[in-house]
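Hi everyone, thanks for coming.

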Amino acid sequence: MGDEKRRILPGEACPSPILDHQQIVLGHGSGGKLTQDLVEELFLPNFTNHYLAQLDDQAVLDVNGSRLAFTTDSFVVTPIFFPGGDIGRLAINGTVNDLAMCGATPRFISVAFILEEGLAVADLVRVVESMRQAAQEAGVLLVTGDTKVVNRGKGDQVFITTTGLGILERPVKISADQARPGDRILLSGTIGDHGMAILSRREGLEFEGPIESDTAALHTLVAAMLDASEQIHCLRDATRGGVATVLNEIASRSQAGMEIDGRSIPVRESVKGACEILGLDPLYVANEGKLVAIVAAEASDAVLDRMRSHPLGSDACCIGEVVAAHSRRVLVKTEIGGTRVLDVMLGEPLPRIC
Amino acid sequence: MKYLDEYRDEALAQALLDRIRRVQKRPWMLMEVCGGQTHSIVRYGVDDLLPKEIELVHGPGCPVCVTPLELIDKAHAIASRSDVIFCSFGDMLRVPGSESDLLTVRSRGADVRVVYSPLECLKIARSHPDRQVVFFAIGFETTAPANAMLVSRARQEGIDNISVLVSHVLVPPALEAILDSPVNRVQGFLGPGHVCAIMGYREYEAISARYKVPIVITGFEPSDLLEGVLMAVTQLEEGRAEVENQYARVVTRDGNGAAQGLVSSVFEVCERKWRGVGPIPQSGYRLREEFENFDAERRFEVGAIDTQEPPVCISGEVLRGIKKPHDCPAFGTDCTPAHPLGATMVSSEGACAAYYLYGRHHKATTKG
């Protein structure tokens, strides 16, 4: 049935203008399909090499017998202060997490500030102090940096780029192409907190319970998981594009299918409510302190137990399984027992009308 | 979550499915009128669970999809002006006009903003007295009261740098157009719950009686949809054709009188063009004469824009129920949700987008 079963009737025209973007649109930075197009059609062909081709959030470099993890990330969030964090803490944790997602111990960070003329010095002080605290907590040293100022209106208060260096001490190979049928899919906690904290602050929406960003450095959680078992095949922090995007990336890179039980995915009531009101799906909403792990079936219980005993993984759960069928497709069992496809996000998540 | 989880309950869904299986004897084709219902059906896999003799078809009720190309081109012309702050519901930003979409217009420097409520425009207009704030007032009867409220408050408060680009459409004339089609196959409707929350369902009683077709006013949660299907199929099997109200927790027969009063004080019924369908008489709203100062089409003189929909479009055949999305040569190849050619592939409520995902999923599962 399928294709045969549904047909459309009035109002369902398919008119034709083509949308090849001649300008960069916000969707190119969303982490979804447009970002992927930019990477595959522009960046990869220009900079091709085997480190980059791995397409992970960090590169693992062999340098004189040491394995170094190397990554960079820019932070452009508005507002710069939000419930649960600020742009400074985000800039440290984000880069620490990208290093941690290959199993590395984060060590050194560089920072570049782009400041907009007119930014209150008090705000910059607040951001920098927050970065110092976050770096201390994560055990990384901020070892070099740069500062530029742009004309008023040419930036948005402050943009921060951090680059991180870490050391891989374990003989693990954790990468998005390592998922195998039978592997279990673990999620470290509730989803959508960061994105909805930002969105509700940005839009001035108030909900019954306050929604706070989940920004956190995940490297100690990863270390605990690796202590339990080194049979961890993939790790991703589910930032832009949310858990849905991470799962699709892994399914695609590993050429495997996935089956997710939608009912098992933890979402806070306040986040669920905010998503309902705005017509967003929490699976596509950004997180800044949650990871998805693909773990060999025989190791998954041990890893999950260890996650749950860590403060950043207390709500961890198994949300599904990697399968050989429907390669590159992520299927979700819905609340009522139906099935749907979890597709890649197209661009900016746009709230629905009704 | 309270008031939601109980309508997304697996045991309840299974119980309703059992009852549908017991009642259903013959094959039936039902149409869910609202895009929101289509979205829910796909999101929860409702159609996957129904007996395959019950065919659900998408209705015309996706406000983004039926907004005509011409209006979108007008929106782009207005939004591109440097003196304008153009405000819209989020979905509309990705819908292609003749040349681009609002996201692209924004990337070229236009001030395009997503609002969640039309009333946000009042605040924006007050804080930018030197600029023109334009709201893209689209949608069915559901969004009309809030849009009417914007115009009415703007006049009350003497905020004259606000105007609205109106593209309001009405459900009942669209249902009649479907039922009047000589090749119509729809045998029953899941009626538009939220539209009826505003308008009540008296209008639908006349349609049901005239065309002898069951109309069950239905909600948007999976168990609502299953119960709506059960009620419609029960009527069909028993040879009845009447209006029933599945969504009684929200909808009454007379609807929301205050909202209706507000709407009719600001808008009047007129002929409207529907994307891919063409003009349908008495099928939409325009501003009443006393509010014409707030009409963005007049204020920015875009009335002359008269875009014809491209001939490649298969809407004629689709309108008569002859073609399906995958009969379109571009469907699933040149036209995908990532790279939409048409509105129905853009909005998550659009038939093509829903159909595309469903079809892919189906192929994927059978292959596996």
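Let's start with helix 1 of chain A, residues 33-47: at 1.5 Å a residue its 15 residues should span 21 Å, and its end C-alpha atoms are 20 Å apart, so the two agree. Helices (H or I, at least four residues) and strands (E, at least two) are DSSP runs numbered from the N terminus, and the expected span is 1.5 Å times one less than the number of residues. This is a predicted model, where local features need pLDDT of at least 70 and side-chain atom pairs count only at pLDDT 80 or more, while totals for chains, interfaces and linings use all residues. Residues are numbered from 1 along each chain as its sequence is written, chains are lettered from A and ligands numbered from 1 in the order written, and side-chain values use heavy atoms, without hydrogens or water.

Now, A:N287 sits in the loop between helix 7 (269-278) and strand 11 (291-295) of chain A. Is A:N287 buried or exposed? It's buried, because its relative accessibility is 0%; buried means under 20% relative accessible area, exposed over 50%, partly exposed in between, with a 1.4 Å probe and protein chains only.

The A:N287 side chain has a polar atom 2.6 Å from the backbone nitrogen of A:G192, and that side chain also reaches the backbone oxygen of A:A238 at 2.8 Å.

Over to the largest nonpolar core: of its 88 residues, B:F135 is one of those touching the most other members. A core here is a set of buried Ala, Val, Leu, Ile, Met, Phe, Trp, Tyr and Cys residues joined through side-chain atoms within 4.5 Å. Strand 5 of chain B (residues 132-139) gives this core its largest share, six residues. Another core, of 39 residues, lies apart from it and includes A:I191 and A:V285.

Conventions: A polar contact is a pair of N or O atoms within 3.5 Å; within protein, one must be able to donate a hydrogen and the other to accept it, and residues adjacent in sequence count only if both atoms are side-chain atoms.
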